[in-house]
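Here is a short briefing for a reader who is new to this structure. Please look over the sequence and the model first, then read on.

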Amino acid sequence: MDAASARVLADGMSAPDPVFPCTLKADRESFTARHPKVTADDEGARILRSVLMKPESELYVERLHDRVERLTPSPGKGMTLPAYLHNPHGGRSLPK
């Protein structure tokens, strides 16, 4: 999780159409409390988080979501996500 978040951050910032995702460092206890099916293998992990707070950001949400989703590897292409982290709507994102 930590390495994947770091890669999305680095790839997003260096892309031709850059996007600057935000990461948050979650300690082992906080992360596993929210995701008990994940086996912790380190003291913590960086996770991607949303930082769209201004009302005018609403106009940019779809585009930003698409950019970040394209930076995220699909299972079978470098990262395997447990089935419960996928949503029932066919992707890794929340339903609209």
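Beyond its neighbours up to four places away in sequence, Ser5 touches Thr23, Arg46, Ile47 and Leu48. The model is a predicted one.

- Ser5 is part of helix H1, which covers residues 2-14.
- Is Ser5 buried or exposed? Ser5 counts as buried because its relative accessibility is 5%, and the cut-off for buried is under 20%.
- The side chain of Ser5 comes to 2.9 Å from the backbone oxygen of Arg46.
- Leu9 also lies in helix H1.
- Leaving out residues up to four places away in sequence, Leu9 touches Pro21 and Thr23.
- Leu9 and Thr72 stand 63 residues apart in sequence. In space, their C-alpha atoms are 10.0 Å apart.

**The chain as a whole**
- The protein chain has three helices and two strands.
- In what order do the elements run? From the N terminus, the order is α-β-α-β-α.
- The protein chain holds 96 residues, and 24% of them are buried.
- Take the contacts with a separation of 6 or more: 49% of them join residues 24 or more positions apart.
- The accessible surface of the protein chain is about 7100 Å². Carbon and sulfur atoms account for 57% of that surface.

**The largest nonpolar core**
- Which residues make up the largest nonpolar core? The five are Val8, Val19, Leu64, Val68 and Leu71.
- Helix H3, residues 61-71, gives the most to this core, with three residues.
- Leu71 is in contact with Arg7, Val8, Asp11, Gly12 and Val19, leaving aside neighbours within four places in sequence.

- The buried residues in H3 are Leu64, Arg67, Val68 and Leu71.
- Why do they line one face of the helix? Seen down the axis of H3, the buried residues fall within an arc of 90°, so they line one face.
- Glu62 and Arg70 are exposed on the other side of H3.
- The buried residues of H3 pack against H1 and against strand S2, residues 44-49.
- Arg67 is a charged residue to look at in helix H3. Arg67 counts as buried because its relative accessibility is 8%, and the cut-off is under 20%.
- Apart from neighbours within four places in sequence, Arg67 is in contact with Ala15, Asp17, Pro18 and Val19.

**Salt bridges**
- Side chains of opposite charge can pair when their charged atoms come close.
- How many salt bridges are there? The count comes to six.
- Arg46 and Asp2 meet in a salt bridge through their side chains, at 2.8 Å from N to O. This pair links distant parts of the chain, with Arg46 in strand S2 and Asp2 in helix H1, 44 residues apart.
- Arg46 is partly exposed, at a relative accessible area of 30%. Asp2 is partly exposed too, at 22%.
- Arg7 pairs with Asp11 in a salt bridge, and their closest N and O atoms are 2.7 Å apart. Both residues lie in helix H1, four residues apart, which is about one turn of the helix.
- Arg7 has a relative accessible area of 31% and is partly exposed. Asp11 is partly exposed, also at 31%.
- Glu43 forms a salt bridge with Arg28, with the closest N and O atoms 3.3 Å apart. This pair also links distant parts of the chain, 15 residues apart: Glu43 sits in the loop between helix H2 (28-34) and S2, and Arg28 in helix H2.
- Glu43 counts as exposed because its relative accessibility is 56%, and the cut-off for exposed is over 50%. Arg28 is partly exposed, with a relative accessible area of 26%.
- Asp17, Arg63 and Arg67 are linked in a network of salt bridges.

Conventions
Residues are numbered from 1 along each chain as its sequence is written. This is a predicted model: local features need pLDDT of at least 70, side-chain atom pairs count only at pLDDT 80 or more; totals for chains, interfaces and linings use all residues. Side-chain values use heavy atoms; hydrogens and water are left out. Buried means under 20% relative accessible area, exposed over 50%, partly exposed in between (1.4 Å probe, protein chains only). A polar contact is a pair of N or O atoms within 3.5 Å; within protein, one must be able to donate a hydrogen and the other to accept it, and residues adjacent in sequence count only if both atoms are side-chain atoms. Contact means heavy atoms within 4.5 Å. A nonpolar core is a set of buried Ala, Val, Leu, Ile, Met, Phe, Trp, Tyr and Cys residues joined through side-chain atoms within 4.5 Å. Accessible areas come from the Shrake-Rupley method with a 1.4 Å probe; for residues, only the protein chains shown count as cover. The arc is that of the directions from the helix axis to the C-beta atoms. A salt bridge is a side-chain nitrogen of Lys or Arg within 4 Å of a carboxyl oxygen of Asp or Glu.
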